[in-house]
Amino acid sequence: MPAEIHAARDRSAVGRFPTVTFPFVEDVEEEKEEQPKSDVNQESACQQWLRKACSCCYKQPSDDDDLTETVVTGVDDPDKEDEANGEKPETEEGNLNELLLNVRSIDLIKSKTGENLVEHHTNLYQSDKFIIRRGQTFQMWITLSRPFDPQIDKLHLELKTGPLPAVAKGTHVIVPLVEELEDNRWEATVVKQEDNRIKLSVNSLPTAVIGGYQLTVETSCANGQATSEHDPANDIYMLFNPWCEDDSVFMDSEEERQEYVLNDVGRIYYGTQHQIGERTWDYGQFNDGILAACLFLLERSQTSNSGWGDPVNVARIISAMVNSPDDLGVLEGNWSGNYSLGTSPTVWSGSVEILQQYHKNKGIPVKYGQCWVFAGVFTTVLRCLGIPARTVTNFSSAHDTDVSLTTDVYLDEEMEPITHLNADSIWNFHVWTDCWMARPDLPPGYGGWQTVDATPQETSQGTFRCGPASLTAIRNGQVYLKHDSAFVFAEVNSDKIYWQKNKDGTFSQIYSEKNTVGHSISTKAVGSDKRQDITDLYKHPEGSEEERIAVETACRYGSKAAAYLSPMTEDVTLEVIMVGDGPKMGEDAELTIRLRNISSERRTVTLHSQLAVMYYTGVHKATVKKDKVDEEILPNGENDLAWMLEYNVYKDQLIDQAALMLTLSGRVRETQQVVATQFSFRLRTPDLVIKPIGKAVVGEKMAVEISFTNPLPQVLKAVIFHVEGIGLLPGKKIEFGDIGRHAFVSLMQHFVPSLPGPRKLLASLDCKQLTQVHGVSDITVEDKSSVAS
């Protein structure tokens, strides 16, 4: 490896490392100027120094010598013109190089089975980069021009990251050579020597900035100083380290680290609290090009990389960069139902295609995403960078738009919803990400799982982002703790308040529901594909004294702190009952409305019902059915009312998630008690059936059969299938065409597996008439060598 020779006048002592040079002091080859003829025998300052420092290298000037002072660098050759003429002049550089301690080569031991990548748990990355985790030692070999003598030779490493490396900011790291390594320091020590080769054990800080570092080695001896040239092949990529106790993302359970850092496939839940659906998602954090895309994402944020050592800051940056409204991040959100200019959000089955496309197109947002896509990509980026993360779904998730910490429903004098005033909404489901980290910026006890959200709902400090918000703070209603705890609290534990318009235009609070928001909060279980309910991490048991205290604590900081009524007579209850998994797409929907009178007197209820087609975000699209009924309930009686929605009524109105919401409101004639509730449900879609054909072996062609039956009595137009699987095949769109009413179709897909072990093949179907149709098949791929044996 060529050496860069520094001129003696450029050397500066830096603290305890006298051989370190400032990065901004550059050697520049001075322009050659004609010297006056009369001064040809006069020594230059450089020659005077050389004669004193090393007389053997000093050459007396003659009339033929060019007396211009030259800084020898080993990069630019001032004598190239002479070499082109077939003559190689004798220069001082060759003599100097022979006397200096030069670096010939660097070996970072990048083998997938080598000690570095295995011990750092980075051997799964499909990359030839040197990827390690901070706070942990790594090994490297350096080959020198002669044997290293610690008595007379000095050596240290220099690592630089970012556009303006600075020692004070941790982006220019000087790694000294010491006799014995100590924790929590950048240090290196010689652990083995073989002739001209030395093996170093290098330790990094557990707070080091993550990202790519340029590595150079600087040596010095009695005859001078030399720095190796930067070789991109020797760049070091530093990640967070959940295995290191001193790293703020440390997680002490190996099973959880395997799940939340190393598992590249997961489950995302959707639907309603009564009809929970699930789909498999390829995170693909180890796929080729994904780490590069994640680091590109950080660079695109235009934030100082000196802050990239703090996982709180990094999570906040990524939260903003996964969406596109204010910084041209990864995904453009679209909830309109029209996705003709891009890909429908329901088509995506993983993050890899999205991140690769964003990186390939140099930062043009990918079209389109909705909450589960934002969350899936967010989880991929966090796991790729080494922050433990999981994708979480909250059913009946409130969107508080006015910082009231309540979900407000406004009704007119006739008890019907006033659509244009109902800005707050309750999403059938909302998906975000939890990440694991310490919170030194908060009081003790608030570390652990933190909620972060990339879906652009509301701004935080002027940017569309959310979190990290401590789950402990959310659970206890401590909404004053950063970041965005109030917004997340409202999502999982706000009360729903009903307001009725008065004749003078004001509104009076008429009813409140305390158990409508934040149900069945779900994530994939550790080590299995089962759903784990983690509601208890977000809130105390509904209705318990602790839960009410948390709500009251939170609401003291909201804009409607007084929005609570004094207790009143409430002896009539109202609920909606759904049988089994609920209605199917293409069929009539049936529900039961149950009114119960717990008093010893007769009660009469005037009940209004309204059914609306909704976006899954809780935004109203169209009202498709209205009813009004007077119902008399006997003392201690119970009335069940059958409610039906015919297919012909809703068939032309549905969008995306086939989400519907039944709003019920009524008044008890005898007591003036108000009863009200909103019940969200969806029409279930069929699954794709995926059947593997042939034996799955690395490098050998195989196939799968994908089959589907159209559940609708109408033709599906311009159907698109999407297929992908980590280690099986990259994402692929198949334009299938039309599928007839109630028709059965199948298609074959051929591919060649590239990775052994248990794999999942994912498929989805999308068209204007039907979305959220998908399937998954488990495929175990054998290694070619094991099959041959």
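This is a predicted model: local features need pLDDT of at least 70, side-chain atom pairs count only at pLDDT 80 or more; totals for chains, interfaces and linings use all residues.

Tutor: Residues are numbered from 1 along each chain as its sequence is written, and side-chain values use heavy atoms, with hydrogens and water left out.

Student: How many helices and strands?

Tutor: 15 helices and 40 strands. Both are DSSP runs, numbered from the N terminus: helices are H or I with at least four residues, strands are E with at least two.

Student: Cores next. Which residues have the most contacts inside the largest nonpolar core?

Tutor: M140, I142, L157, I318 and L385, in a core of 91 residues. α9 gives the most to this core, 11 residues. Such a core is a set of buried Ala, Val, Leu, Ile, Met, Phe, Trp, Tyr and Cys residues joined through side-chain atoms within 4.5 Å. Apart from it lies another core of 58 residues, including Y647 and I734.

Student: What does L157 touch?

Tutor: Among others, M140, I142, V173 and L200, leaving out residues up to four places away in sequence. Contact means heavy atoms within 4.5 Å.

Student: Back to α9. At what angle does it pack with α6?

Tutor: About 100°, with the axes 10 Å apart. Axes are lines fitted to C-alpha atoms, for helices over the stretch in contact, and angles run from 0 to 180 degrees between N-to-C directions. The two helices, α6 and α9, are therefore roughly perpendicular (65 to 115 degrees). On the α6 side, the contact includes I290 and L298; on the α9 side, V381 and L385.

Student: What about α8, which residues are buried there?

Tutor: V352, I354, L355 and Y358. Their cover includes α6, α7 and α9. After α8 comes K362, with a positive phi near 60°.

Student: Last one: is G462 buried or exposed?

Tutor: G462 counts as exposed, because its relative accessibility is 61%. It sits in the loop between β20 and β21. G462 is 136 residues from D326 in sequence, but 9.3 Å away in space, C-alpha to C-alpha.

Methods:
Angles under 35 degrees count as roughly parallel, over 145 as roughly antiparallel, 65 to 115 as roughly perpendicular and the rest as oblique. Buried means under 20% relative accessible area, exposed over 50%, partly exposed in between (1.4 Å probe, protein chains only).
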